[in-house]
Amino acid sequence: MTFVVCGEALFDVFVRSDSEKPGELAFDALVGGSPLNVAVGLSRLGQSSALLTGLSTDFFGERLDAVLRSENVSTDFLARKAAPTTLGFVQKDDQGVPSYAFYNNGAADCSLVEADIEVDLQDTRFLHVGSYTLVVTPTADTLFKLIEREAGKRLISMDPNIRPTVEPDMKVWQQRVGALLPLVDIIKVSDEDLDALHPGRAPEEVQAEWLAQGAKLVVLTMGGEGAVLQSDLAKVTVKAPKITVVDTVGAGDTFQTALLDYVSDLDQQEGEWHERLDAEMLKRIGHYAVTAAAITCSRQGADLPTKDEVQAKL
């Protein structure tokens, strides 16, 4: 299994705009959670992926399990639990930008314990972590122990993907993300999340600081403005394609999957992958990732593209 993605699996419950009475709300529910999206997205790009999470034995959990199997995502690392499935209620503004309210108290994906990470990762090259399971205990403590144990043996990727409705105290996010930084090889962070973590600081200053702490590739995404990719060798800005945006749900996860997909290809070549991250290579990686993210933004929900779809747009 090339990629093991660690974190939440849930249902995104979208508030529909066609409710006729003030006292009524209509919903559409779709599988979601940033790590689940990344695991599915990697599989759609042709990578072998697995999801490591606590998964409920309730009927939502059964649906999530079925979806993972249908997307060829390995379920070998699921820890089934008699706890509820997280529900994330989503409401979009006029530009398609979502806001979230999570109901995850005592949920399965927040209940991962140390026994759940006693798994065989011998064939795993990448571990990816991110989102609210970085800060919600006991899962946060468990995932930290996993990353601490595997750092240096696998390539470690992180996307903080901050969810203040789950943990509003930014000091908690700062402490958790800060503890992981020396263990991480690849960091992808949105401009909004970076500002939440380090308000008032220049993004380039923080990116340089993270590289100094040991990261080999740091990427700042800026929505429709594109992304800034930085390594020890170079720094480039890549513009996003101009499209008609349906919504931005899953855009960051799509960027993440494409980023990891490209790095995986580099990693399979001779020599150290990060020694080839010059300006030209960073431009190629960034163009691939923003193209993939634009496809997701052009359609409803976190419907991540296949390899063929991305290649057709390059």
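Lys188 stands opposite Val219 in strand β11.

First, the conventions. The model is a predicted one, in which local features need pLDDT of at least 70 and side-chain atom pairs count only at pLDDT 80 or more, while totals for chains, interfaces and linings use all residues. Residues are numbered from 1 along each chain as its sequence is written, and side-chain values use heavy atoms, with hydrogens and water left out.

Helices (H or I, at least four residues) and strands (E, at least two) are DSSP runs, numbered from the N terminus. Two strands are called paired if DSSP finds at least two bridges between them.

Strand β10 spans residues 186–190, and five of its five residues are buried. Buried here means under 20% relative accessible area, exposed means over 50%, and partly exposed lies in between, with a 1.4 Å probe and protein chains only. In a regular strand the side chains alternate between the two faces of the sheet.

β10 has parallel partners. Five bridges join β10 to β11, residues 217–221, in the parallel sense. With strand β9, residues 155–159, β10 pairs in parallel over two bridges, and Met158 has Ile187 as its bridge partner. β9, helix α4 (residues 170–180) and β10 together make a right-handed β-α-β unit. Right-handed means that, with the strands pointing away from the viewer, the path from the first strand over the helix to the second runs clockwise.

**The largest pocket**

I turn to the empty space. Rolling a probe the size of a water molecule over the atoms shows where empty space is left. The search uses a 1 Å grid over the protein atoms alone: a cavity is a set of points where a 1.4 Å probe fits but cannot get out, a pocket is an open set with protein on both sides within 12 Å along at least five of seven lines, and lining residues have an atom within 4 Å of a point. Grid points are joined across faces, edges and corners, and a volume is the space filled by probe spheres set on the points.

The largest pocket has a volume of about 1200 Å³. Of the 48 residues that line this pocket, the closest to its centre are Ser190, Glu192, Thr248, Ala251 and Gly252.

How do the lining residues of the largest pocket divide? There are 23 nonpolar, 15 polar and 10 charged. For this count, Ala, Val, Leu, Ile, Met, Phe, Trp, Tyr, Cys and Pro are nonpolar, Asp, Glu, Lys and Arg are charged, and the others, Gly among them, are polar.

**Strand β2**

Six bridges join β2 to the antiparallel strand β3, residues 27–32, where Leu10 stands opposite Gly32. β2 also pairs in the parallel sense with β6, residues 86–92, over five bridges, and Val13 has Phe89 as its bridge partner there.

**The cavity**

The whole structure holds one cavity of 30 Å³ or more, and about 30 Å³ of space lies in the largest cavity. Strand β4 (residues 49–56) gives the largest share of its lining, three residues.

**Backbone exceptions**

Most residues other than glycine have a negative phi, and most peptide bonds are trans. Asn72 has a positive phi of about 60° and, at 63% relative accessibility, counts as exposed. Ser131 has a positive phi of about 75°, yet at 1% relative accessibility Ser131 counts as buried. Ser131 is in the loop between β8 and α3. Pro138 is found in the loop between β8 (126–130) and α3 (139–150), and a cis peptide bond, with omega about 5°, joins Thr137 and Pro138.
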